[in-house]
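Good morning, colleagues. Please look at the sequence and the model on the screen, and then I shall go through the fold, the aromatic pairs and a few local details.

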Amino acid sequence: MKWMKWFLILAVGVGVALGAAGCSDDDDDDGNPLVGTWRATSFNGQALDPSISVVITFRSNGTASSTYTIGGETATSEGTWSAENGTLTVTSDGDADSAAYSISGSTLTIADEEGTFTLRKQ
């Protein structure tokens, strides 16, 4: 299921340990509104189940890391990212995936044919 792959990609972010450690200097936004740490709040307009957590960090150097937890199982992933003309591309484990994105204030929306994720900047 592609949405699970995006879920994993959104999980391409800071591990829980990295998230708890806070932001380092390379996480400064350099004017790019995507740079920072984001937490998923919903998928297709439905709030995420409390047993699901997705945290992703986009760094100004083009790297990304994520952590996701589903039913007590946690996984982390590392990758790279780029954004141009409303399209976000994330590459992890040699696979590149792209989706439309938009930012409004502290809300990031990422959408593809499988669904729409909403994330809040931390």
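Let me begin with a definition: a contact means heavy atoms within 4.5 Å. Among contacts in the protein between residues at least 6 apart in sequence, 52% join residues at least 24 apart.

Two remarks on conventions. The model is predicted, so local features need pLDDT of at least 70 and side-chain atom pairs count only at pLDDT 80 or more, while totals for chains, interfaces and linings use all residues. Residues are numbered from 1 along each chain as its sequence is written, and side-chain values use heavy atoms, with hydrogens and water left out.

Now the fold. Helices (H or I, at least four residues) and strands (E, at least two) are DSSP runs, numbered from the N terminus. On that basis the protein has 2 helices and 9 strands, in the order α-α-β-β-β-β-β-β-β-β-β along the sequence.

The protein exposes about 6,300 Å², of which carbon and sulfur atoms supply 49%. Buried means under 20% relative accessible area, exposed over 50%, and partly exposed in between. Of the 122 residues, 39% are buried.

A nonpolar core is a set of buried Ala, Val, Leu, Ile, Met, Phe, Trp, Tyr and Cys residues joined through side-chain atoms within 4.5 Å. The largest one here has 19 residues, and F58, W81, L88, L108 and L119 have the most contacts inside it. At least two residues of this core come from each of strand 1, strand 3, strand 4 (63-70), strand 6, strand 8 (107-112) and strand 9.

Which aromatic rings pair? Rings of Phe, Tyr and Trp (its six-membered ring) pair if their centres lie within 6.5 Å; planes under 30 degrees apart count as stacked, over 60 as edge-to-face and the rest as tilted. The count by this rule is 2 aromatic pairs. In one, the ring centres of F43 and F117 are 4.6 Å apart and the planes stand at 50°, so this pair is tilted. F43 belongs to strand 1 (residues 36-43) and F117 to strand 9 (residues 115-121), so the pair ties together parts 74 residues apart in sequence. F43 is buried at 16% relative accessible area, and F117 is buried at 3%.

F58 and W81 form an edge-to-face pair, at 5.2 Å centre to centre and 65° between the planes. Since F58 lies in strand 3 (residues 52-58) and W81 in strand 5 (residues 73-84), the pair ties together parts that are 23 residues apart in sequence. Both are buried: F58 has a relative accessibility of 1% and W81 one of 11%. S77 is in strand 5, and S92 is in strand 6 (residues 87-92).

Finally, the backbone. N44, in the loop between strand 1 and strand 2 (46-47), has a positive phi near 55°. D93, in the loop between strand 6 and strand 7 (95-104), also has phi near 55°.

Key
Buried < 20%, exposed > 50% of the residue type's maximum accessible area, 1.4 Å probe, protein only. Areas by Shrake-Rupley, 256 points an atom, 1.4 Å probe, with all protein chains shown as cover.
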